[in-house]
Amino acid sequence: MSASDTWSASFTTSTVEAMTAYDAVVPFMFAPWAEALLDEVGVALGETVLDVATGPGTVARLVATRLGTSGLVTACDLSPAMLAVATAKADLDGAAPITYLKCPADALDVSDAAFDVVLCQQGLQFFPDRHAALAEMRRAMKPAGRLGVNVWCGIEQCPPFEALSIALGIVLGPDTQLAYRSGPWGLSGRGELTRLFEGAGFTNVRVERRTLPIVFEGGPAQLVATLPTASVAPQVAALEKKGRDDLLAATTKTLASLLHDGAVRSEMAAHVVRATR
Ligand SMILES: C[S@@+](CC[C@H](N)C(=O)[O-])C[C@H]1O[C@@H](n2cnc3c(N)ncnc32)[C@H](O)[C@@H]1O
């Protein structure tokens with residue numbers, strides 16, 4: 001099984017408790033990227049939008065507020081637990097209604113040519129068949145439809161997570177470190193992205209690198225707290241107290257240059273891909 005397959009499977013089989021924990025520690029990182037993605041793609045009142053790999057609904061909920069009540073949002077994900085977290089959230093006043101669907105990205109349960117805009121934030125790198133997933137997104141778009149996708153650049157361009165991965169290597173070994181790095185940061189080449197999107201038939205493909213600041217006010221412990229939602233969660237969960245203490249100590253050490261008054265201050269880099277059908 002490849003690293004992306006393992007991560008995809010870990011989302012798919014995860015429990016509602018684990019994904020509720022994910023919702024508490026991860027979406028604050030994704031919300032500014034969702035704003036940036038919507039600014040790049042642009043959405044107009046009343047449009048129809050599909051959010052692929054919606055997770056806890058971060059992009060879907062934001063775009064729903066931008067579309068207003070005359071818009072429509074469909075949000076899909078493979079993970080029943082993620083969808084349970086998303087659907088448990090309160091309805092948003094003055095926003096487009098959101099319909100949640102359980103389906104894999106490479107077999108979207110939506111009609112042909114139904115959407116003005118298709119979005120996918122930090123999902124493509126996890127899909128076992130990325131080409132098929134992009135072909136499905138294209139199928140779902142209206143003839144003049146717009147696509148917006150983002151994926152992290154290499155982990156070395158996301159320094160807090162590079163530091164965390166090095167700490168994982170120190171405590172749990174190189175295989176765990178590699179498994180961790182290869183999931184979220186496993187589709188980082190600009191050329192590879194361009195080829196993927198053009199190969200799936202998209203036109204006007206533009207891949208741009210963007211950075212946004214990130215602050216972990218809770219310091220190294222806050223970063224370590226993201227691990228139970230990662231594919232390496234079982235290895236981390238198997239650590240005894242000494243191993244957990246060693247992991248926090250190693251993370252504190254590898255993060256040293258980013259620590260300011262107890263908080264981790266850095267930036268994250270992602271490729272934002274825009275295309276038309
Ligand atoms: C890092 S999360 C991003 C979630 C969301 N887009 C956001 O911005 O918060 C990745 C999501 O991809 C979903 N996913 C992974 N593999 C998938 C697949 N093959 N088809 C559909 N969704 C998948 C996971 O369940 C998870 O919700």
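The sulfur of Cys120 lies 8.3 Å from the closest cysteine sulfur, that of Cys76, which is too far for a bond, and the structure holds 0 disulfides, a disulfide being a pair of cysteine sulfur atoms within 2.5 Å. This is a predicted model, in which local features need pLDDT of at least 70 and side-chain atom pairs count only at pLDDT 80 or more, while totals for chains, interfaces and linings use all residues. Residues are numbered from 1 along each chain as its sequence is written, and side-chain values use heavy atoms, with hydrogens and water left out.

**Cysteines**

- Cys120 is buried, with a relative accessible area of 0%, where buried means under 20% relative accessible area, exposed over 50% and partly exposed in between, computed with a 1.4 Å probe on protein chains only.
- For Cys153, the closest cysteine sulfur is that of Cys158 at 6.7 Å, again too far for a bond, and Cys153 counts as buried at 1% relative accessibility.

**Overall fold and dimensions**

- The protein chain contains 12 helices and 8 strands, which are DSSP runs numbered from the N terminus (helices: H or I, at least four residues; strands: E, at least two).
- The radius of gyration of the protein chain is 18 Å, close to the 19 Å that the globule rule gives for 277 residues, so the chain is as compact as a globular protein of that length; the radius is taken over C-alpha atoms, and the rule is 2.2 Å times the number of residues to the power 0.38.
- Taken along the principal axes, the C-alpha atoms of the protein chain fill a box of roughly 55 × 40 × 35 Å.

**Packing, surface and charge**

- Buried residues make up 52% of the 277 residues in the protein chain.
- Of the contacts (heavy atoms within 4.5 Å) between residues at least 6 apart in sequence, 84% join residues at least 24 apart.
- The accessible surface of the protein chain comes to about 11,400 Å², with 55% of it belonging to carbon and sulfur atoms, as given by the Shrake-Rupley method with a 1.4 Å probe.
- The protein chain carries 22 positive and 29 negative side chains, and the centres of the two sets lie 4 Å apart; Lys and Arg count as positive and Asp and Glu as negative, without His and the chain ends, and each charge is placed at NZ of Lys, CZ of Arg, CG of Asp or CD of Glu.

- Glu47 sits in the loop between α3 (27–41) and β1 (48–52) and is buried, with a relative accessible area of 12%.
- Not counting residues up to four places away in sequence, Glu47 touches Gly42, Leu67, Gly71, Leu72, Asp116, Val117 and Arg146.
- Asp93, in the loop between α5 (80–87) and β3 (98–102), is exposed, with a relative accessible area of 78%.
- The C-alpha atoms of Asp93 and Ala24, which are 69 residues apart along the chain, are separated by 22 Å.

**Backbone: positive phi values**

- Most residues other than glycine have a negative phi.
- Ala53, in the loop between β1 and α4 (58–67), has a positive phi near 60 degrees, and is partly exposed at a relative accessible area of 22%.
- Asp261 has a positive phi of about 50 degrees although it is not a glycine; Asp261 lies in the loop between β7 (259–260) and β8 (263–276) and, at 85% relative accessibility, counts as exposed.
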